[in-house]
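Subject: A structure for you to look at

Hi,

Here is the structure I promised to pass on. Have a look at it first, then read my notes below.

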Amino acid sequence: MTEMTIAVSGLSKRYGRTPAVDALSFTVRPGRVTGFVGPNGAGKSTTMRMMMGLDAPDAGTALIGGLPYRELPDPLRVVGALLDAEAVHPGRRARAHLLWQARYNGLPVRRVDEVLEQVGLDPAARRRAGGFSLGMRQRLGIAGALLGDPQVLILDEPVNGLDPEGIRWIRGLLRSLAAEGRTVLVSSHLMGELQDTADHLIVIGRGRLLADTEVDELLAAASDDRVELRTAHRAEAMAVLAAEGGTVSVLGPDALTVTGLGAERIAAELASHAVPFAHLAPHRASLEEAYLDLTREAADYRAHDPAAAPAAAASGSGSGSGSGSDSAEEKGR
Ligand SMILES: Nc1ncnc2c1ncn2[C@@H]1O[C@H](COP(=O)(O)OP(=O)(O)OP(=O)(O)O)[C@@H](O)[C@H]1O
């Protein structure tokens with residue numbers, strides 16, 4: 001079977017004078033969940049629409065299994081997409097909507113009941129989509145994407161509107177689709193949403209690539225050697241660890257962070273000075289922190305550009321450690 005990658009190369013699109021997507025290149029591979037992240041207005045939806053042949057690029061290509069979407073011989077069996085959950089006619093019943101989609105695209109009708117069950121909408125199959133909650137409409141859109149049993153899934157903000165049970169469900173679904181060897185691209189403007197879902201991340205800002213990275217690598221790079229320590233004997237612990245060359249800062253009444261000494265060394269020093277402690281663990285950065293580190297310099301740059309206010313606001317909380325000398329903008333080139 002052809003390897004069903006999504007290959008984006010030099011992709012660009014402007015709306016008037018605004019570049020929505022700017023010379024973007026990346027590859028989405030099978031067998032893993034790839035998160036597509038960036039603040040509101042970063043260009044995720046525009047990129048996905050170009051992948052699906054719904055918008056024409058000004059330059060560059062977006063190929064699925066080596067072909068533009070419009071040249072795929074049997075597109076719905078190759079790619080399933082959720083681009084706009086509001087696209088269902090409100091008067092149409094869920095099952096009738098999927099039946100129409102299946103018949104129109106020459107897909108087996110039995111798939112309709114299979115996908116309704118897969119997304120947990122079978123009890124609502126005969127209800128009109130107009131009465132659905134946003135979460136139910138998302139599930140119906142995902143059912144439509146799965147109808148052709150496609151190798152490639154392109155889902156724009158599928159978590160939007162889902163309740164906690166729904167979020168857990170979609171995580172499981174995406175992970176199992178990837179485990180079956182499918183190519184899964186899922187966008188979100190919230191990094192945290194993808195923390196337990198994505199294996200790989202494509203991060204964009206203002207239409208440009210900021211990072212193309214394994215989630216684990218990004219987290220490791222952002223986690224540095226900070227160790228969190230809880231002890232009721234804060235002053236003694238600070239004295240011992242500072243004397244050993246650690247940099248200690250106070251997090252709370254009984255909480256410290258220590259850099260410059262590993263967790264094992266800290267445990268050994270505290271034990272040898274008979275300072276009791278309750279908790280000692282290496283700090284593990286959240287995806288949100290890693291993302292802020294990654295976009296900080298790009299955000300500083302954007303803060304001087306009034307046209308970029310939404311992107312700057314979305315990534316400008318300013319917490320965390322310095323991001324070193326190579327800027328996120330440079331990494332993207
Ligand atoms: N049809 C359009 N006409 C004019 N401008 C558009 C159109 N579609 C998108 N844009 C602009 O292109 C830029 C990228 O928008 P896009 O919707 O692709 O971003 P996004 O990353 O998907 O954002 P969100 O997270 O808000 O969905 C934005 O500046 C947006 O205003």
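Two housekeeping points. The model is predicted, with local features needing pLDDT of at least 70 and side-chain atom pairs counting only at pLDDT 80 or more, while totals for chains, interfaces and linings use all residues. Residue numbers start from 1 along each chain as its sequence is written.

**Helix pairs**

The axes of α3 and α5 (residues 134-146) come within 10 Å and cross at roughly 25°, and α3 and α5 are therefore roughly parallel to each other. On the α3 side the contact uses Ala-94, His-97, Leu-98 and Gln-101, and on the α5 side Leu-140, Ala-143 and Gly-144. "Contact" here says that two C-beta atoms, placed from the backbone, lie within 7 Å. By class, the α3 and α5 contact has 4 nonpolar, 3 polar and no charged residues. Ala, Val, Leu, Ile, Met, Phe, Trp, Tyr, Cys and Pro count as nonpolar, Asp, Glu, Lys and Arg as charged, and the others, Gly among them, as polar.

Now for α3 (residues 94-104) with α4 (residues 110-118): they pack at an angle of about 135°, with axes 9 Å apart. That makes α3 oblique to α4. The crossing of α3 and α4 is right-handed. Ala-94, Arg-95, Leu-98, Leu-99 and Ala-102 of α3 meet Arg-111, Val-112, Val-115 and Leu-116 of α4. This contact of α3 with α4 has 7 nonpolar, no polar and 2 charged residues.

**The whole chain**

You can count 12 helices and 13 strands in the chain. Those are DSSP runs numbered from the N terminus: H or I of at least four residues for helices, E of at least two for strands. Of the 333 residues, 40% are buried (20 or more other C-beta atoms within 10 Å of the residue's own, placed from the backbone; 12 or fewer is exposed, and in between is partly exposed). Among contacts between residues at least 6 apart in sequence, 70% join residues at least 24 apart.

**Around the ligand**

Which helix gives the largest share of the shell around the ligand? It's α1, with 3 residues. Both β2 (18-28) and α1 (44-51) supply at least two residues each. The residues around the ligand include Tyr-15, Asn-40, Lys-44 and His-189, where a residue counts as near if its C-beta atom, placed from the backbone, lies within 6 Å. The shell has 3 nonpolar, 8 polar and 1 charged residues.

Glu-157 isn't a glycine, yet has a positive phi of about 50°. Glu-157 lies in the loop between β6 (152-155) and α6 (164-179), and counts as buried because it has 21 C-beta neighbours inside 10 Å. Ala-274 isn't a glycine either, and has a positive phi of about 55°. With 9 C-beta neighbours inside 10 Å, Ala-274 counts as exposed. Finally, Ala-285 sits in the loop between β13 (279-282) and α10 (287-303). Not counting residues up to four places away in sequence, Ala-285 touches Leu-219, Ala-222, Ser-223 and Ala-290.

Happy exploring!

Key. Axes fitted to C-alpha atoms, helices over the stretch in contact; angles between N-to-C directions. Parallel < 35°, antiparallel > 145°, perpendicular 65-115°, else oblique. Left-handed = near helix turned anticlockwise from the far one by under 90°.
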